[in-house]
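Dear colleague,

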Amino acid sequence: MRGETFVDDVTPDAFLAGVVQIPGMRKLWDPRTEAGFMLQRFNRTEVLFYAVAKGKRFIASPRDIVGVQRDFVEEDGSALILQTSVETDRVPKQSGLKRATLNLSGWHFRPEGTGIRITYILSISLGGMIPSAVVSMATTESPMCTGRARDAYYKRASSSSPRSRTSSPSSPR
């Protein structure tokens with residue numbers, strides 16, 4: 001799955017600090033997120049994390065993921081965040097949750113003009129039996145995360161900035 005959008009008047013660092021890396025912010029732009037937190041920081045760019053995705057009552061169990069994340073900064077100012085699942089004894093399987101396998105999740109924040117182009121990719125194996133309607137909904141939801149993250153950034157920026165925006169942000173380009 002892949003989503004893409006443009007965010008005007010921001011740098012990759014400001015966007016990351018504004019909506020992507022703040023604990024609890026993901027719930028504002030990813031409706032599937034129940035919880036997520038860092039378990040261990042290995043160094044400035046690598047962490048072990050745990051996340052729980054909501055299920056659909058009586059249809060599909062919630063999923064959890066244990067993974068590693070690595071952040072990269074490129075010479076042109078672009079930023080990349082890559083995540084994948086890992087097996088570890090630090091988080092045993094939890095009752096009522098099905099362990100999903102995050103094959104790859106990636107964010108790319110590339111400077112473009114006065115803003116940044118954001119691309120999000122996701123490849124995940126949810127595990128277990130899931131009705132096709134639920135899989136279809138997740139497939140539709142994931143690409144829209146970029147636009148919702150952009151909207152959360154604009155809302156946060158306008159509420160903390162003394163200047164107010166005279167127009168609303170445009171739709172994904």
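Trp107 is buried in this predicted model, its relative accessible area being 4%. Phe109 is likewise classed as buried, because its relative accessibility is 0%.

Both residues belong to a cluster that ring pairs build from Phe15, Trp29, Trp107, Phe109, Tyr120, Tyr153 and Tyr154. In the structure as a whole, the search returned 7 aromatic pairs. One of them joins Phe37 and Tyr50 in a tilted arrangement, with 5.6 Å from centre to centre and 50 degrees between the planes. Since Phe37 belongs to strand 2 (residues 33–43) and Tyr50 to strand 3 (residues 46–53), this pair ties together parts that lie 13 residues apart in sequence. Phe37 is partly exposed, at 45% relative accessibility, whereas Tyr50 is buried, at 8%. The pair of Trp107 and Phe109 is stacked, because the ring planes stand at 5 degrees, with the centres 5.7 Å apart.

I also examined the second largest pocket, whose volume is about 220 Å³. Its lining consists of Asp13, Leu16, Gln21, Arg44, Thr45, Asp71, Phe72, Val73, Ala79, Leu80 and Ile81.

Yours sincerely

Key:
Residues numbered from 1 in each chain as written. Predicted model: local features only at pLDDT ≥ 70, side-chain atom pairs only at ≥ 80, totals over all residues. Heavy atoms only, no water. 1 Å grid on protein atoms, 1.4 Å probe; cavity = no way out; pocket = protein on both sides within 12 Å on 5 of 7 lines; lining within 4 Å. Points joined across faces, edges and corners; volume = space filled by probe spheres on them. Phe/Tyr/Trp six-rings, centres within 6.5 Å; stacked < 30°, edge-to-face > 60°. Helix = DSSP H or I, 4+ residues; strand = E, 2+ residues; numbered from the N terminus. Buried < 20%, exposed > 50% of the residue type's maximum accessible area, 1.4 Å probe, protein only.
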